[in-house]
Amino acid sequence: MTKSVWVSDVHDGAHDGENVELKGWVYRTRGSNKIWFLVLRDSTGIVQCVIKKSDVGEDCFEELKSALIESSVTLFGKVNVDERAPGGHEVVISSGKIIGEVNPENPFPITESAMESSDGGETEFLLDNRHLYLRTNRMTTMLKIRSSVFGAIHSYFRNLDFIEYQAPNFVAGAVEGGSTLFEVPYFPNEKNPERKAYLTQSWQLYAEAAMPALERLYTIAPSFRAEKSRTRRHLTEFWHAEMEIAWGGNADVMAHGESLVRNIASTLLDERSDELISLGRDIDLVSRYADNPYPRIRYDEAIETLQGMGVEIEWGQDLDYSKEKILTQDFEVPHFLTHYPRIAKPFYHRPDPDDPKYVLCHDLLAPEGYGEIIGGGERTWTEKEILERIDEEGTPREPYEFYIDVRRFGGVPHGGFGLGVDRVCSWLAGAEHIREVIPFPRDSRRVTP
RNA sequence: GCCGCUGUAGCUUAGUGGUGGAGCGAUGGACUGUUAAUCCAUAGGCCGCCGGUUCAAAUCCGGUCAGCGGCGCCA
């Protein structure tokens, strides 16, 4: 049953003149009643198969001719170098059969016309038929790019001896102050009829608990946000790559963030440049993101810049997307924004000892309007400071007792960041919408298929 | 939570008050090398749903449902 010949190997010339067995799905067909061209698709590409009635016989010819788009087939034939074939290689078939048929009364719904006006985007029809849309060239390409991004993140951290570490997805309280959490009934009982758990928004608090044990740790895991965001960069379930290091400050964490993102860009150039080109992505742009340093700008400078441009913004306000967009429109590479006002950020950010009006934090803003891809910084790490900050925010202490304990037993300076993996995929692939880079996107209005 | 836009055949769409058209796909036929093949024919429509105006509604009005886009929030 195992498959040994892949379409990409046929095009690479690995089987020229050989008899091979091909397994795959019908991509397109055309022809006459004497010669039939079946373009076969597998996970590595497409190849033209030539079926002549005189070679395969009447019965086989009629069977293969009846195979509709996305029928699965096995074909035997000889690999032939022929300039008339798309890609330069074709397979002249000697026999073959349909494995899984497609009923003519219910043909494969993802047609050329279904994708025609979508512009790589996401029509209602394509979203409803996502499970079938995955088989198309565009989605397959996106998923391959996504795989390389995940691989690059694992390689980056493992090469530096980071330990991959998993936190629970059911949690008792919020990480972000005031953000909306998904509630899940969690074994309510007589004592506690309303008992609930929440889906995690971040691995961070649990990573900090393991920081004194592992010192360098990372994860790639889903995070959940119950905000009804309707934008091209939000999902309710997204993949979060997070890291935490002991004995590191804001600048150290930022250095990792920069290296990681540049590493992802260069990995894509190595492994997926064909795919990027097929999506129409400008390779020079991706090279620029891989090769150039990412500047750091303090919050105060950003505010001054914006005010100088005539934007109405006051010191102390967080930078929303509309401001980010104005700020980043002239950026050629991602920029870090650092030292936000303490009042704009949650309690776990450490106040700057040089000026406690600010916290030691950073956001990494991607160019081309893709916005924030990293949020991170140095953590509040003494018991005194963390209690002070929790209280000043009005956050209850109880759910965070385990977190405060980290400071009570040998606290050390430490920090980390979270990177939105889907956002990075979307940005580097040049996607129109973050939904394009995840197989089954979840947003506030859609949980199916 | 707020603002905007769109629902016509399986898909993409034309149709501003008077018997709903096309392309793709499907089916049948023709064609010996096609490149999204081509040509001929056939089938396929509660014009999202409910109500109203009118002699007459896909078309005008009200409501409703669904979807999409944007803002706030963030990765």
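**An open sheet and the helices packed on it**

Good morning. Eight strands form an open sheet with mixed pairing, and their order is β6-β10-β11-β16-β15-β14-β13-β12. The edges are taken by β6, residues 163–164, and β12, residues 296–298. Each of these has a single partner strand, so one side of each is left without a neighbour in the sheet. Please note that this is a predicted model.

Let me turn to one pair of strands within this sheet. Strand β14, residues 361–366, and strand β15, residues 371–378, are paired in the antiparallel sense over six bridges. In that pairing, H362 stands opposite G376 in β15.

I now come to the helices. Helix α7, residues 137–159, lies across β6, β10 (216–224), β11 (237–246) and β16 (414–420). Relative to β10, α7 runs at about 150 degrees. Helix α8, residues 204–214, also packs on the sheet, where it touches β6, β10, β11 and β16. The direction of α8 makes about 30 degrees with that of β11.

Finally, how does α7 pack with helix α9, residues 250–271, in terms of angle and axis distance? The two helices meet at an angle of about 135 degrees, and their axes are 9 Å apart. The angle therefore makes α7 oblique to α9. The crossing in which α7 passes α9 is right-handed. On the α7 side, the contact is made by I145, S148, V149, A152, I153, Y156 and F157. On the α9 side, the contributors are H256, S259, L260, N263, I264, T267, L268 and E271. Thank you for your attention.

Methods:
Residues are numbered from 1 along each chain as its sequence is written. Chains are lettered from A and ligands numbered from 1 in the order in which they are written. This is a predicted model: local features need pLDDT of at least 70, side-chain atom pairs count only at pLDDT 80 or more; totals for chains, interfaces and linings use all residues. Side-chain values use heavy atoms; hydrogens and water are left out. Two strands pair if DSSP finds at least two bridges between them. Helices (H or I, at least four residues) and strands (E, at least two) are DSSP runs, numbered from the N terminus. Contact means heavy atoms within 4.5 Å. Axes are lines fitted to C-alpha atoms, for helices over the stretch in contact, and angles run from 0 to 180 degrees between N-to-C directions. Angles under 35 degrees count as roughly parallel, over 145 as roughly antiparallel, 65 to 115 as roughly perpendicular and the rest as oblique. A crossing is left-handed if the near helix is turned anticlockwise from the far one by less than a right angle, and right-handed if clockwise.
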